[in-house]
Amino acid sequence: LPNSDPVHKVTIVPRGRALGLTWNLPTHDRHGFSRSESLDRIMVLMGGRIAEKIKFNEMTTGAGNDLERATDIVRRMVCEYGMSRLGPIVFGKKEAPIFLGREFATHKDYSEKTAMQIDGEIKFIIDECYTKAEKLLRKNFSKIEKLAAQLLEREILDGVEIREITGFPMPAPEAPPKEKEKKD
């Protein structure tokens, strides 16, 4: 995906509670994301669940954290960043902690009807990303199977090896955004 971070490494060796991991690393430090970058990140997170569905026609708990992270990105797009069809509106105010250790709380400052619209928009964006990612994975599934075979043999692959196996091009080096010049 053009707006996603390049894959740095993939492993099938269990780490903690994860049965395998994919590391996507940015090419430079970033402090914000565009809507298209966020949508591509969501599609990347959907990949494991979709691959299970395509290969085994079954779902497991393995993609649980990915789905949680994708949903969190979409919720923030809709409720905090105004990146949805609901428009440039912030839904829910965050209350600052009174002392260290207290978690942030979100104050619901909208109606039940608006809450239903927010839920509908979150589902719409998730479904749209899922559908696009599924089409992309189905189109390239033979490459995924080659990658899986190599992972079974070697257990860990880096980004260069992944690109060699799949035939996907190496992403062009991305220059960090230029800082604005300060004027005195």
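**Helix packing around helix 3**

Helix 2 and helix 3 cross in a right-handed sense. The model here is a predicted one, and in it the axes of this pair come within 9 Å, with a crossing angle of roughly 125°. On the helix 2 side, the contact draws on A70, T71, V74, R75, V78 and C79, while helix 3 brings in I118, D119, E121, I122, I125 and I126. Sorted by class, that contact of helix 2 with helix 3 comes out as eight nonpolar residues, one polar and three charged.

R76 also sits in helix 2, which covers residues 64-79. Its relative accessible area is 31%, so R76 counts as partly exposed.

Helix 1 (residues 35-56) and helix 3 (residues 112-139) have axes that come within 7 Å and cross at roughly 60°. From helix 1, the residues involved are R35, L39, I42, M43, M46, G47, R49, I50, A51, K53 and I54; they meet I125, I126, C129, Y130, K132, A133, E134, L137 and R138 of helix 3. The class breakdown for helix 1 with helix 3 is 13 nonpolar, one polar and six charged residues. I125 and I126 of helix 3 turn up in both contacts, with helix 1 and with helix 2.

Key
Residues numbered from 1 in each chain as written. Predicted model: local features only at pLDDT ≥ 70, side-chain atom pairs only at ≥ 80, totals over all residues. Heavy atoms only, no water. Axes fitted to C-alpha atoms, helices over the stretch in contact; angles between N-to-C directions. Helix = DSSP H or I, 4+ residues; strand = E, 2+ residues; numbered from the N terminus. Contact = heavy atoms within 4.5 Å. Nonpolar A, V, L, I, M, F, W, Y, C, P; charged D, E, K, R; others polar. Buried < 20%, exposed > 50% of the residue type's maximum accessible area, 1.4 Å probe, protein only. Left-handed = near helix turned anticlockwise from the far one by under 90°.
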